[in-house]
Amino acid sequence: MRGSLGLICNWAKIGLLFLLLCISGCNTLKKVGEDELLLTKNSIFVDDEKVNNSEIKGLISQKPNSSVLGYPLKLNLYNLAKENPDSSFQDWLNRKEKREKRLNKLLSEKQVNRLRESFMVSGASEFLKRIGEPPVIIDTAETNKSIRRLKAFYNSKGYFNNEGNYEIVDVKNKKASISYHITLNKPYIVDTVQKNITSPELDSIYLKTANKSLIKPGEQFDLNKFTLERERLTTLFRNSGVYNFQESSINYDVLRDTTVTADDQLMDVLLNINKFRSSADSTDVGTPYKVARHKKINIYADYDINGTTDTLKSLTYANYNIYYSGKLRYKPKALTDAIFFKKDSVYRDLDRIRTYRQITNLNTFKYPNIGFIPDSTQTQLESNIYLAAKPKYSLNLNFDVTHSNIQQVGTAFSASVITRNVFGGAETLNVSARGSIGLLSDASLSNETFTSELGGDINITFPRIWFPLNTEKIIPYYMLPQSRLSVGTNFQRNIGLDKQSLNSILSYNWSPSDRLKNNIELLNVEFVRNVNTDNFYNVYRNTFSNLDDIADDFQDDPQYAEYFSAVENEGDEPRLDIPTGANNFAQDVLNGTLTVTEDDFQTVNSIEERRRRLTENNLIFASNFTHTKNSKSGINDLDFYQYRIKLESAGGMLSMLTNVIPFNKNEEGQSLVFGVPFSQYAKTEFDYIRHWKIGESQVIAFRSFTGLAIPYGNSDNVPFVRSYFAGGSNDNRAWNAYELGPGKTDNINDFNEANLKLAFNLEYRFPIAGDVKGALFADAGNIWNVFDNETNPDATFNGFSSLGDLALGTGLGLRYDFTYFVFRLDVGFKTYNPAKVGSDRWFDGYNFKRAVFNIGINYPF
């Protein structure tokens, strides 16, 4: 991995150098003609006030060339392309006598012609043109089009008498800006709103919500309100029984009031709602809209688009008719609970949408088809839900080649079998197995040279809340409720301390809306057993080095020789024997058998506490609640926010049981369950993300994270697997994972972690060329110990003064967009390192040699 990163680093340096040469050698006016002006800026003034609204600025048809931090990168890439590369190549051939003849003789005339057409000659120029941008030359035809667009926009806001013009300003060195000026004049006001609704039933529905109309007398004319009102009425009618209502049936007549003076500029509005007309109706005679009810509801549980429904069996359940072939494979209630239509109820479009969502949530059927057949009166509907089952079983296989700081090379495999409709209630059972085997990077970590990992999970999902009490009134089915029960285990060999883990989760999730999600893990039990605890000092080499340095004062005394391993080569210094010598040395220091300085005593005490903590087995019996909101409206929405709040409590239930059940206790007074002290802590997290679109495909992205876990009762620290770390590709990218902190400590452990974390990230994302994107970022954050057994003041949070320990990393990134995912390379530089002293904290090692390279998939936030 280090070799790969070194190669990437070298290529990054070459690429950056090439980019700098391009920047320094480019002339933005290279392809601007003598009588042409390069557009550098657009300004819009409305009634002499400058407008910065992105919607209005988007009406300008000619925009300046895009830029990255003010530099026109794409324009200069385009300028690098040669206009006639083949003629330039021909000039080079003719520059020296007999050059073409010698080249033809060496390569043949056919090969020389191919060289002329090759990428290096002409293809490179075409590539630069394709990823670059031609200079935007001021075109008065486009400028006049922009004026017309601006005038039309303000017409839609009621300023029908607005005036517009433009002027070309700041003309200098073949560059210029354009100022657009709009004079609004007096707006038109809605005077009266009348209605002409052909259907009596629609008229009745309309009157019930007329006070909610977006078009009101006395307000300024705004065409957008008319559009929103049409959408509101369409939704209202479709959710009030008019299943076939068409938005095109709504139109408005807007008339100027001629009975008042011209200065009043009042307008009368007439709302027209016409009759229903089918697409095949060419006459002016239509059918008045009517309210329809569900007369008959049919569910086709084994629908085949190429088959027939005449031979299907049927049964009636809760006023639903269920049709099936052979034997019904589903519990009737599982099907009817997913349908939100009720017999004799008024049709609602909302029920149709919820039915689609809930059937999809069952994960048993393909996307359903729902049809409505009206009777001759258009008031009774036969509603048909056609369900085509997904395959009962599906198999997924994966195989990967892996590499890490533990494995030189490894292979990983996984397999999962999905079984649908396990118990007839649309339950989904997923049984998966995974395994890996690899070659150790450091043979000294183990007596063997290979690592292995084996694990498996059993996961069953219910499309409802699986709970003894009825929760349908609190969490109705339209919220897409799911219950998940999973059990899993994992075995590691020659990886760390050879952990064995067993976990079990009972969770519930539901979505009150498209943007809100809730998840409760009622029960999250994890048992972690460390099999090879004697390997601690082999794995945590920094910790061992700190202990061995203290032991150096005793290595020359023969009476302490038992602590040290035999020296294999002459000249080598003795080192503590692992594990016996290291463990005995630490114990003898702590019990006073060996005398060391107070600082060394505290260091040994800290090392021993960490060894005990990381080698002891863990039992975590937790519950948590997570609430998430995301305002993103679609994949192309670049201006949104999202947040996540998580609350977790561990050990509280077991702690209450200690008053009833006499648990055994260890020497520290901790209650034991199956011989293991259970963890007890309270944990809370808040994660906030905000994206601002600031230009064409340019985004400012911000993220903040706060997390705190407080041990209490049966624990004086938080389990390693539930603590926080800093650094890595999705955190502070100037530090490797687990390398930063805690506080102002300088990477004292191999895996640094703590129970308080603050993180802030700011990133500017911009397009470079085609699918290649760029980013500039700043990451700030750190971890600290608080309310636990840590005594080192440099590692603990001591109020607002500890905010000075926030580390700052800055850097740049390249991303390639593969549509379905983004490949990311980020380079982080340590800008402010709290582990340093004084001025050394700033820009220490701010170069590519000491930079941190992060490779990731998709954006970090």
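Author: Gladly! This is a predicted model, and we can begin with a strand: β10 is mostly covered.

Reader: How many residues of β10 are buried?

Author: Buried here means under 20% relative accessible area. By that cut-off β10 is mostly covered, and the count of its buried residues is 5 of 5.

Reader: Which residues of β10 lie on one side, and which on the other?

Author: In a regular strand the side chains alternate between the two faces of the sheet. Both faces of β10 are covered, with all of these residues buried. On one side are Y320, I322 and Y324, and on the other are N321 and Y323.

Reader: What is the phi of A318 in the turn of the hairpin?

Author: β9 and β10 form a hairpin with 2 residues between them. N319 is found in the loop between these strands, and its phi is positive too, near 70°. Most residues other than glycine have a negative phi. For A318 in the turn, phi is about 50°.

Reader: Where does L480 lie, and is L480 buried or exposed?

Author: L480 lies in the loop between β16 (450-462) and β17 (482-493). Phi of L480 is positive, near 55°, in a residue other than glycine. Because its relative accessibility is 15% and the cut-off is under 20%, L480 counts as buried.

Reader: Which residues does a cis peptide bond join, and what is omega in each case?

Author: Most peptide bonds are trans. P579 lies in the loop between α14 (541-551) and α15 (580-590), while P742 is found in the loop between β26 (698-711) and β27 (756-769). A cis bond joins I578 and P579, with omega about 5°; another joins G741 and P742, with omega about 0°.

Reader: Stepping back, how much of the protein chain counts as buried?

Author: The protein chain has 17 helices and 31 strands. Among contacts between residues at least 6 apart in sequence, 63% join residues at least 24 apart. Of the 861 residues, the share that counts as buried is 42%.

How values were computed: Residues are numbered from 1 along each chain as its sequence is written. This is a predicted model: local features need pLDDT of at least 70, side-chain atom pairs count only at pLDDT 80 or more; totals for chains, interfaces and linings use all residues. Side-chain values use heavy atoms; hydrogens and water are left out. Helices (H or I, at least four residues) and strands (E, at least two) are DSSP runs, numbered from the N terminus. Buried means under 20% relative accessible area, exposed over 50%, partly exposed in between (1.4 Å probe, protein chains only). Contact means heavy atoms within 4.5 Å. Two strands pair if DSSP finds at least two bridges between them.
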